[in-house]
Amino acid sequence: MLGFITRPPHRFLSLLCPELRIPRLSVPCAQPRPRAMAISSSSCKLPLVAVCQVTSTPDKQQNFKTCAELVREAARLGACLAFLPEAFDFIARDPAETLRLSEPLGGRLLEEYTRLASKELSVSLPPRECGLWLSLGGFHERGQDWEQTQKIYNCHVLLNSKGAVVATYRKTHLCDVEIPGQGPMCESNSTMPGPSLESPVSTPAGKVGLAVCYDMRFPELSLALAQAGAEILTYPSAFGSVTGPAHWEVLLRARAIETQCYVVAAAQCGRHHEKRASYGHSMVVDPWGTVVARCSEGPGLCLARIDLSYLRQLRQHLPVFQHRRPDLYGNLGHPLS
Ligand SMILES: O=C(O)CNC(=O)[C@H](CS)NC(=O)CCC(=O)C(=O)O
């Protein structure tokens with residue numbers, strides 16, 4: 001499984017930005033560099049997050065096995081929070097199969113993930129290491145209204161290191177699109193849009209704002225989450241193979257730069273079945289817009305450290321949130337609740 005780690009984060013960071021090796025103290029105070037995170041012993045104390053990339057199929061049990069191995073690997077490597085992509089549970093061949101395979105939050109699959117996040121992993125962690133939180137980026141959920149609607153929600157579930165559900169967000173923007181060359185997507189055939197955004201959640205890595213995939217095309221949502229205190233935005237995804245090369249990285253980096261948040265995007269990759277493939281390229285973007293970790297096409301994981309003092313410094317140096325002009329265009333990110 002170690003072979004799946006596409007790029008050790010430190011090597012990747014130093015390849016990308018050689019100046020990252022410069023210790024923080026050597027950066028002149030008057031002219032702070034935009035990107036001043038030092039790769040030094042102090043960075044080892046920063047929380048480590050893991051982003052898992054998989055190829056879900058209609059086989060739920062096999063998908064669980066694959067995800068569980070990546071999550072265990074993430075824990076062994078010291079991650080305190082691991083991210084799984086949208087549809088980590090399965091990708092079905094048609095809407096009828098999607099509905100048939102779906103479960104409520106209290107069903108067997110979530111129970112298995114609860115066990116994975118808590119007991120199994122914590123025994124293998126050294127004492128006083130952080131426990132492992134799990135972002136389950138898009139669970140096909142039979143909600144309370146299943147009997148009436150016969151439709152599901154695309155539900156992003158956050159589990160803490162005891163395996164408890166600490167937050168749920170139901171995808172609010174459904175992907176009903178027809179892109180030439182990609183095959184039509186009509187998510188609303190099987191799925192209801194979620195009713196609301198969720199307030200960002202405190203985790204060992206920072207305050208996490210929840211979103212799902214196609215939501216990334218709506219900067220209003222990311223601004224609302226940032227104004228509500230998010231430090232990490234998450235876009236678990238199953239991005240198409242035509243929109244992927246054109247939009248994926250650009251959108252994620254734009255969301256990071258304009259909200260001054262870390263952006264974590266765990267992605268589906270490869271061929272799920274005869275009718276569907278996904279783009280892959282899971283990544284972590286820092287608030288400056290630099291891609292600090294990424295996977296390539298195949299299954300695997302990548303890791304990044306989250307530096308909230310860097311985030312705060314950047315927000316001080318470049319105070320866009322104080323420069324907004326809601327008098328001109330309204331307050332797009334009004335309070336969530
Ligand atoms: O179908 C499932 O089981 C899970 N849901 C998805 O994979 C969703 C809806 S089809 N995919 C996207 O939102 C892709 C967005 C995209 O590709 C873009 O915005 O360009």
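User: What is the strand order of the open sheet of six strands?

Analyst: In this predicted model, the open sheet runs β8-β9-β10-β11-β14-β15, and its pairing is mixed.

User: Why are β8 and β15 said to stand at the edges?

Analyst: β8 (201-203) and β15 (291-294) each have a single partner strand, so one side of each has no neighbour in the sheet. Between neighbouring strands of this sheet the average turn is 25°, direction ignored.

User: How do you know that β10 and β11 pair, and in which sense?

Analyst: Two strands pair if at least two bridges are found between them. Strand β10 (residues 232-234) and strand β11 (residues 262-265) share three bridges, in the parallel sense. Across this pair, Leu 233 stands opposite Val 263 in β11.

User: What makes β1 and β2 a pair?

Analyst: The requirement is again at least two bridges. Strand β1 (residues 48-53) and β2 have three, in the parallel sense. Here Ala 50 stands opposite Ala 82 in β2.

User: Why are both faces of strand β2 called covered?

Analyst: In a regular strand the side chains alternate between the two faces of the sheet. In β2 (residues 81-84), Leu 81 and Phe 83 lie on one side, Ala 82 and Leu 84 on the other, and all four are buried.

User: Why is Ala 224 called buried?

Analyst: A residue is buried if 20 or more other C-beta atoms lie within 10 Å of its own. Ala 224 has 20 C-beta neighbours inside 10 Å, and therefore counts as buried. Ala 224 lies in helix α6 (residues 219-227). Of the 337 residues of the protein, 43% count as buried.

User: Which residues touch the most other members of the largest nonpolar core?

Analyst: They are Val 49, Val 51, Cys 52, Ala 79 and Ala 82, in a core of 85 residues.

User: What is Ala 79 in contact with, leaving aside its neighbours within four places in sequence?

Analyst: Ala 79 is in contact with Leu 48, Val 49, Ala 50, Ala 74, Leu 132 and Leu 303. Contact here requires C-beta atoms within 7 Å.

User: Which residues come nearest to the ligand, and how is the shell around it divided by class?

Analyst: Cys 175, Tyr 214, Ala 238, Gly 240 and Thr 243 come nearest, out of 16 residues around the ligand. The shell has eight nonpolar, five polar and three charged residues.

Conventions: Residues are numbered from 1 along each chain as its sequence is written. This is a predicted model: local features need pLDDT of at least 70, side-chain atom pairs count only at pLDDT 80 or more; totals for chains, interfaces and linings use all residues. Helices (H or I, at least four residues) and strands (E, at least two) are DSSP runs, numbered from the N terminus. Axes are lines fitted to C-alpha atoms, for helices over the stretch in contact, and angles run from 0 to 180 degrees between N-to-C directions. A residue is near a molecule or strand if its C-beta atom, placed from the backbone, lies within 6 Å of it. Ala, Val, Leu, Ile, Met, Phe, Trp, Tyr, Cys and Pro count as nonpolar, Asp, Glu, Lys and Arg as charged, and the others, Gly among them, as polar. A residue is buried if 20 or more other C-beta atoms lie within 10 Å of its own, exposed if 12 or fewer, and partly exposed in between; C-beta atoms are placed from the backbone. A nonpolar core is a set of buried Ala, Val, Leu, Ile, Met, Phe, Trp, Tyr and Cys residues joined through C-beta atoms within 7 Å. Two residues are in contact if their C-beta atoms, placed from the backbone, lie within 7 Å.
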